[in-house]
Amino acid sequence: MLKDATLAHEAPPEAAAGAAQPRPDPDMREAILAKLRFAVGRDVSAARDHDWYVATALAVRDRVVERWLDSIARTGPEKKHVYYFSLEFLIGRLFFDTVSNLNIVGEVRQALAGLGVDLDRIRAVEPDAALGNGGLGRLAACFMESLATLDIPAFGYGIRYDYGLFRQAIVDGWQHEIPEDWLSFGNPWEFERPDIKYLVRFGGSVEMVGRPDGTIQHIWHSAETVVAVAFDTPMVGWRGRRVNTLRLWSARAADPLVLEAFNRGDHVGAVADRMRVEAISRVLYPSDATPAGQELRLRQEFFFTSASLQDLLRRHRERHPDFSNLPDHGAIQLNDTHPAIAVAELMRLLVDEHNVRWDEAWRITTATLNYTNHTLMPEALETWPVELMERVLPRHIQIIYLINFLHLESLAKNGEISADLVRQVSLIDESHGRRVRMGPLAFIGSRRVNGVSALHTELMRKTVFSDLHALYPDRITNKTNGITFRRWLLEANPDLTRLLVEAVGPQVLDDAEALSGLERVVGDPAFRDRFVAVRRRNKERLAQEIAARTGVKVDPAALFDVQIKRIHEYKRQHLNLLETAALYAAIKAEPNRDWTPRVKIFAGKAASSYVVAKLIIKLAYDLAQVINNDPDVRGRLAVAFLPNYNVSLAEIIIPAADLSEQISTAGLEASGTGNMKLALNGAITIGTLDGANVEIREQVGPENITIFGLTAPEALARKAEPDHASRAIAASPRLASVLDAIGSGAFSPDDPGRFAGLVGGLRDHDPFLVTDDFDAYWEAQRGLDELWHRPEEWWRKSLLNVARVGWFSSDRTIREYAEEIWRVPVG
Ligand SMILES: *Cc1c(COP(=O)(O)O)cnc(C)c1O
């Protein structure tokens, strides 16, 4: 679409409209009333919040559908599409996002108010769509929004899980996982498409039949067939410019009821197969960084990959005589290795089902697929036992063997290859039982392979993919992650948005780089006061939320020190907790010093099987119990662990954060995106030189971020020193004493040995270098304490963070993917 100059001057969203009152929209009021009556089936007098929410969502959805159909209609069949394959989409709530992107917040609010209904009350009724674990899934959601905003025709493909990521309850400090049945009250945003369905097959055997021309046809006699049914959710871009489709697959049994068995009286047996089949889309795998080495996970990955490929091949074949030009009309992005089986499945579909020659199919496949790597941690690099693949996907393992043979043969043609090199680049790992290595499979089968921050991409070239990189030096490229500013600034922080519009003009709503206009006003005391006042209101709101959710009372005037993300040893919440315990001891020792009042705020889920992560949550809770109830530190230190971290909770915490904790062991966080959201909302970062922190430092300037600790190469070298932890502890009396206190039960009198193992692990090997970085972290924190006492300087740095992080908009990221990886025009 041509850039329409009038769009930029349309009424800004309510968030930024200032005093301007929206015009009453009688249509919206009537539409809501009609939906309430005829779609929900309730009378105004009987309607409850949920009824109002559904009625309003359906009324808004009608407007979305118009634009959706229009987007599809004006995207000619010749236009290239992007297909984003992801096992996770961590979307969060869609109601306010949709209303805001359509610029109708004011109209909807007014229409509801006229009916005696508060928009903010009903928007809180919507369940949080948590079809993802953390950063990887949230990235996919931000990308869907930016794709639509940039008017790029795109489909997101994934699984419609009946149960999203578990809800976290904290009972006496221990995490409990509660099923997230987000669909139990229906989902007004999705459209079931019973006519769009594909058969996905598993198991069985492969027969080889000679063709008259001497080639061999492989016929897969599968043992099991599953039906993938499409559910479409419209993804609305900013200002409703374009609406794309998120197509999620649900698993259905081909034969839902074995009628003969039922008639025999075997009522349970008649549906047993159905239960097994439909388990595929039952629940999101609640694992963040380790491969769940289980058959169901492999079935999930193949299920959605196969259905999605069949869907896009069908669409292509409706318009083209063959597949030779598939790469001109579609680009597929594999979000991590979860859909890497696409390499073998696309080959199978082309060669076995559509009779394309192998070489031609390989050309098409490797010109269409692209792969994003998200982690270098060995335990998180997916591999599948050959034996399992032979059983579940017998044809695919044959194809993988052939790809591997041809791959190794082409190396041999290019000169000597050593046994060592073969071991390094083979798709089959023979060192721990025979396993298929999905990362190298995705690499070989892709046109472009990307990392998600400059440092991460550099480490990809030097470590996991060094040999493949030497063979294909142009394949790896960097695409630093980004976040959508619509959700993470305009919707999450409407007061700050309004202030920014006043300060730099309404173009800031459309162009993230326009934030740099703030540089002009950072020195203006009147502006700074208003900025601080906005932050103060956000902090009061968070303080209320903390009180409501945990009972902890915190002072909004204190420094809000925030670490919110999945709980993982490499993210080092325990480093933060050690510093918290040490600070507590220091305040008690010198109660009359001028301590900077701090509230330590934590939130995050631990993978259900990750024992140490759950113990770290318990440590946060136990520290909170002692510290929050000690009158000696009252008003100076408080600790709160907010349960059930998800997108909606992030939207409340982030606008209120003063300090952003990004303290992973250098070299282990691929990018991070929480770091970007927090900086955008004015938090100062304390962090290691890891992931995108490196680029945040480049953007905001080294004087506006607090960097501490070992660098990635230093961390690698340090880890190799067998006695690094004991030396670090011996050199730091403060660290030694805090480890003694926690290890001996000072914070867990009911079970003094509770943290002995955790502390013992740090003393013995400490693979994440918590002890090595402790002193540097302590010093960095004390520097920030000092800075808090110079508010003018603090807020200047904070404002410069807001002004200089425009580059981290996912619009910039998607533009780079569009130009360099997908080769599609940007609208
Ligand atoms: C942004 C986000 C993440 C990723 O946070 P990191 O700090 O980058 O790990 C995880 N979960 C939710 C709900 C998010 O919004």
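Trainee: Which residues of strand E20 point the other way from Arg 598, Lys 600 and Phe 602?

Mentor: The model is a predicted one. In it, Arg 598, Lys 600 and Phe 602 point one way from E20, and these residues are buried, as are those directed the other way. Strand E20 spans residues 598–603 and is mostly covered, with 6 of its 6 residues buried. The residues that point the other way are Val 599, Ile 601 and Ala 603.

Trainee: Which residue in E20 is the bridge partner of Val 562?

Mentor: Strand E19 covers residues 559–564 and pairs with E20 in the parallel sense over 6 bridges. In general, the strands of a sheet pair through backbone hydrogen bonds, in either a parallel or an antiparallel sense. The partner of Val 562 in E20 is Ile 601.

Trainee: How far is the polar side-chain atom of Lys 677 from an oxygen atom of the ligand?

Mentor: The ligand is surrounded by 14 residues, and Lys 677 is one of the closest, together with Lys 565, Lys 571, Thr 673 and Gly 674. Lys 571 places an N or O atom of its side chain 2.7 Å from a ligand oxygen atom, and Thr 673 places a backbone N or O atom 2.8 Å from a ligand oxygen atom. For the polar side-chain atom of Lys 677, the distance to an oxygen atom of the ligand is 2.6 Å.

Trainee: What percentage of the ligand's accessible area does the protein cover?

Mentor: On its own, the ligand has 390 Å² of accessible area. Helix H6 (135–149) and helix H25 (674–680) are the elements that give two or more residues to the shell around the ligand. The part of the ligand's area that the protein covers is 95%.

Trainee: How many polar residues does the shell around the ligand have?

Mentor: The shell draws at least three residues from each of domain 1 (78–93 + 128–481 + 814–822) and domain 2 (540–789). By class, the shell has 4 nonpolar and 4 charged residues, and its polar residues number 6.

Trainee: Is Asn 675 buried or exposed?

Mentor: Asn 675 is found in helix H25. Its side chain has a polar atom 3.2 Å from the backbone oxygen of Ser 671, and it makes a polar contact of 3.0 Å with the side chain of Asn 693. A residue counts as buried under 20% relative accessible area. Asn 675 has a relative accessibility of 1%, so it counts as buried.

Trainee: What is the C-alpha to C-alpha distance between Asp 172 and Lys 618?

Mentor: Asp 172 lies in the loop between strand E5 (164–171) and strand E6 (174–180). At 49% relative accessibility, Asp 172 counts as partly exposed. Asp 172 and Lys 618 are 446 residues apart in sequence, yet their C-alpha to C-alpha distance is 8.1 Å.

Notes. Residues numbered from 1 in each chain as written. Predicted model: local features only at pLDDT ≥ 70, side-chain atom pairs only at ≥ 80, totals over all residues. Heavy atoms only, no water. Near = heavy atom within 4 Å. Polar contact = N/O pair within 3.5 Å; in protein donor to acceptor, adjacent residues only side chain to side chain. Areas by Shrake-Rupley, 256 points an atom, 1.4 Å probe, with all protein chains shown as cover. Helix = DSSP H or I, 4+ residues; strand = E, 2+ residues; numbered from the N terminus. Nonpolar A, V, L, I, M, F, W, Y, C, P; charged D, E, K, R; others polar. Domains from an automatic or database assignment. Buried < 20%, exposed > 50% of the residue type's maximum accessible area, 1.4 Å probe, protein only. Pairing = 2+ DSSP bridges.
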